[in-house]
Amino acid sequence: MIGIRWVAVGLLVMLSGCAATPPSEPRELTYQAPAEETFRAGVSLMVEQGYVVRHADLSLGRAEGMLARWPGYRLLLEVDEMGNASQVRVSAWRGGQPMPPIRLDPWLVALQERLGLAP
């Protein structure tokens, strides 16, 4: 009887470890645009790229999108106000594993273009 309990506890521990998403290091960039405009442009870009926006809160400056294409992608956008500018942090996961921050540069450049700030 005790052996069955330990097996059950072991299975629960293994399953809970699988459900946790490892933290991802964000890529950060500052744009010379108001935070609300930057946030709205970022969410719009996510939708245009096929992400399903699961959560978006302008007051928190936070949006999360999921892309169902295999192996599964998750994108987290955070925008903070800095006077007339905005601080943007983007994190992403592929197949439940964090993506290297440098892989997010094309997304940040696309956001910069959408804001009309590209050189």
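**Charged pairs and their surroundings**

Author: Arg27 and Asp105 form a salt bridge, with 2.7 Å between their closest N and O atoms; the term requires a side-chain nitrogen of Lys or Arg within 4 Å of a carboxyl oxygen of Asp or Glu. Because Arg27 belongs to strand E1 and Asp105 to helix H3, the pair ties together parts 78 residues apart in sequence. Helices (H or I, at least four residues) and strands (E, at least two) are DSSP runs, numbered from the N terminus.

The model is a predicted one, in which local features need pLDDT of at least 70 and side-chain atom pairs count only at pLDDT 80 or more, while totals for chains, interfaces and linings use all residues. Residues are numbered from 1 along each chain as its sequence is written, and side-chain values use heavy atoms, leaving out hydrogens and water.

Arg27 is partly exposed, at 28% relative accessible area, and Asp105 is also partly exposed, at 26%. Buried stands for under 20% relative accessible area and exposed for over 50%, with partly exposed in between (1.4 Å probe, protein chains only).

The structure holds seven salt bridges, and Arg89 takes part in two of those described here. One is with Glu78, the closest N and O atoms lying 3.8 Å apart. This pair links distant parts of the chain, since Arg89 is in strand E5 and Glu78 in strand E4, 11 residues apart. Both residues are buried; for Arg89 the relative accessibility is 18%. The other salt bridge of Arg89 is with Asp80, at 2.8 Å between the closest N and O atoms, and Asp80 is partly exposed at 32%. Through shared partners, salt bridges join Arg62, Glu78, Asp80 and Arg89 into one network.

The side chains of Arg89 and Asp80 also make a polar contact of 2.8 Å. A polar contact is a pair of N or O atoms within 3.5 Å; within protein, one must be able to donate a hydrogen and the other to accept it, and residues adjacent in sequence count only if both atoms are side-chain atoms. Setting aside residues up to four places away in sequence, Arg89 touches Pro26, Arg27, Glu28, Leu76, Leu77, Glu78 and Asp80, where contact means heavy atoms within 4.5 Å. Arg89 and Val79 are 10 residues apart in sequence, yet their C-alpha atoms are 6.5 Å apart.

A polar contact of 2.7 Å joins the side chains of Glu64 and Arg74. Arg74 also lies over the face of Trp93, 4.1 Å from the ring centre; for a charge to sit over a ring, NZ of Lys or CZ of Arg must be within 6 Å of the ring centre and within 35 degrees of the ring normal.

Beyond neighbours within four places in sequence, Glu64 is in contact with Met46, Val52, Val53, Arg54, His55, Arg74, Leu75 and Leu76. Of these, Met46 is one of the buried residues of helix H2. The buried residues of H2 pack against strands E1, E2, E3, E4 and E5 and helix H3.
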